[in-house]
Amino acid sequence: MIPAGFEYLRPATIAEALEMASCHQDAAFLAGGHALLPEWKLSRAGPATLIDLGRIGELRGIELLSDGGAREAGGSGGPGRTVRIGAMTTSAEIEYSADIARAAPLLPRAAAVISDPLIRNRATLGGSLAEASPSGDWPAVVLAADATIQLRSRDGERAVPARDFFTTAEAGLAQRFTTLRRGELLTAVTVPAASPLTRSMYLKRMHPASGHAMIGVAVAAAFDTRETCHQCRIAITGVSAIATRAVRAEECLVGSRLTADVIEGAANVAADGIAFVGGAFGSAAYLAELLPVYVSRALAQIAAPLTHQSRPGPNRIL
């Protein structure tokens, strides 16, 4: 791997990183490097300036916040609270975080099936979301978790709901399909704590070589004491240009108990509105056939009260 010449910068603060980005027209932020380095291995052109975020402590860490935004120590992660995850937090840190497991268990369940341990110990949450790969795991997970993406530039800060962050309206920075603007840095992700009656699941068919999602289904559903679903988010990755919500399927579930017939009806309309994009390991037609199968399997796993939901093991490729 012999990349073209580039300038390497290593800021110590967010402000310093944003200043560097403003001074270099063709600059890119480096997080875990799992998107950029493979491109260089294929001898593709890279940025003229690389800004390494590895030294910026402000971009790391996991905090459980109370209603007023104050940090909690060992909090319960109940309704009304929020988990703040720094952009440079790795998938492995999310996988083993006790705070996240209590407040938003969907995230560590998903982290446990991202590629392999070597990747999980280097790849970052913020890097994955900024990259917005069509086969990335985290975009679907943050959609299902109703997360908010925190962005910062020299002009100020803004918070973008995950449902508005991924878009095909126009290609964003570096032709990625997000609302990131040039010179803007993804700094954190905030996730509302799930209620005790919320159940979640992330199910994927893993690419045999890369570990990416050929198809991934993230589900978070809230129930009442009578087992009626009153809120549901189903997010899909791997089948189209961006991760997307299966809105028609969600509508089938709200107000109903998750019987076999209801699950089948939701699975049958999960593909509505999705523009399938195939690849070398699965055509668009093949992915369209897989989608209702995986939606049905994911819903079946949360249909009944679960006494224990452990991290996925060897059966993660379903």
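This is a chat about a predicted model of one protein chain.

Biologist: I'm new to this one. How many helices and strands does the protein chain have?

Modeller: The chain has twelve helices and 13 strands. Keep in mind that the model is predicted.

Biologist: What share of the residues counts as buried?

Modeller: The chain has 318 residues, and 47% of them count as buried.

Biologist: What about contacts along the sequence? How many link residues 24 or more positions apart?

Modeller: Take the contacts with a separation of 6 or more. Residues 24 or more positions apart make up 62% of those.

Biologist: Let's go inside. How many residues are in the largest nonpolar core?

Modeller: That core has 43 residues. Leu107, Leu129, Trp138, Phe165 and Val189 have the most contacts inside it.

Biologist: Which helix gives the largest share of this core?

Modeller: Helix α8, residues 138-144, with six residues.

Biologist: Pick Leu107. What is Leu107 in contact with?

Modeller: Skip its neighbours within four places in sequence. Then Leu107 is in contact with Ile85, Ile94, Ile100, Trp138, Val141, Ala145 and Val191.

Biologist: Which residues are in the other core?

Modeller: Another core lies apart from the largest one and has 31 residues. Among them are Ala221, Ala266, Leu291 and Tyr294.

Biologist: Switching to helix packing. At what angle do α11 and α12 cross?

Modeller: Roughly 145°. Helix α11 covers residues 260-268, and α12 covers residues 284-302. Their axes come within 8 Å.

Biologist: Is that crossing left-handed or right-handed?

Modeller: The crossing of α11 and α12 is right-handed.

Biologist: Which residues meet there?

Modeller: From α11, Ile263, Ala266 and Ala267. From α12, Pro292, Val295, Ser296, Leu299 and Ala300.

Biologist: How many of the residues in that contact are nonpolar, polar or charged?

Modeller: Seven are nonpolar, one is polar and none is charged.

Biologist: Where is Arg248?

Modeller: Arg248 is in helix α10, residues 247-253. The C-alpha atoms of Arg248 and Ala267 are separated by 9.3 Å. Those two are 19 residues apart along the chain.

Biologist: What does Arg248 contact?

Modeller: Val269 and Asp272, leaving aside neighbours within four places in sequence.

Biologist: Is Ala132 buried or exposed?

Modeller: Ala132 counts as buried, because its relative accessibility is 7%. Asp146 is partly exposed, with a relative accessible area of 32%.

Biologist: You mentioned β7. What does Gln150 touch?

Modeller: Gln150 sits in strand β7. Beyond four places in sequence, Gln150 is in contact with Arg158, Ala159, Leu185, Leu186, Thr187, Ala188 and Thr190.

Biologist: Over to Ala28. Which strand holds Ala28?

Modeller: Strand β2, residues 27-30. Ala28 counts as partly exposed, at 25% relative accessibility.

Biologist: What does Ala28 touch?

Modeller: Pro47, Thr49, Leu50 and Ile51, not counting residues up to four places away in sequence. The C-alpha atoms of Ala28 and Ile51 are separated by 6.0 Å. Along the chain, Ala28 and Ile51 are 23 residues apart.

Biologist: Last one. Where is Leu197?

Modeller: In the loop between β9, residues 185-192, and β10, residues 198-206. Leu197 counts as partly exposed, at 41% relative accessibility.

Biologist: And what does Leu197 touch?

Modeller: Ala221, Ala222, Phe223, Asp224 and Thr225, not counting residues up to four places away in sequence. Ala221 is also one of the residues in the core of 31.

Definitions and conventions
Residues are numbered from 1 along each chain as its sequence is written. This is a predicted model: local features need pLDDT of at least 70, side-chain atom pairs count only at pLDDT 80 or more; totals for chains, interfaces and linings use all residues. Side-chain values use heavy atoms; hydrogens and water are left out. Axes are lines fitted to C-alpha atoms, for helices over the stretch in contact, and angles run from 0 to 180 degrees between N-to-C directions. Helices (H or I, at least four residues) and strands (E, at least two) are DSSP runs, numbered from the N terminus. A crossing is left-handed if the near helix is turned anticlockwise from the far one by less than a right angle, and right-handed if clockwise. Contact means heavy atoms within 4.5 Å. Ala, Val, Leu, Ile, Met, Phe, Trp, Tyr, Cys and Pro count as nonpolar, Asp, Glu, Lys and Arg as charged, and the others, Gly among them, as polar. Buried means under 20% relative accessible area, exposed over 50%, partly exposed in between (1.4 Å probe, protein chains only). A nonpolar core is a set of buried Ala, Val, Leu, Ile, Met, Phe, Trp, Tyr and Cys residues joined through side-chain atoms within 4.5 Å.
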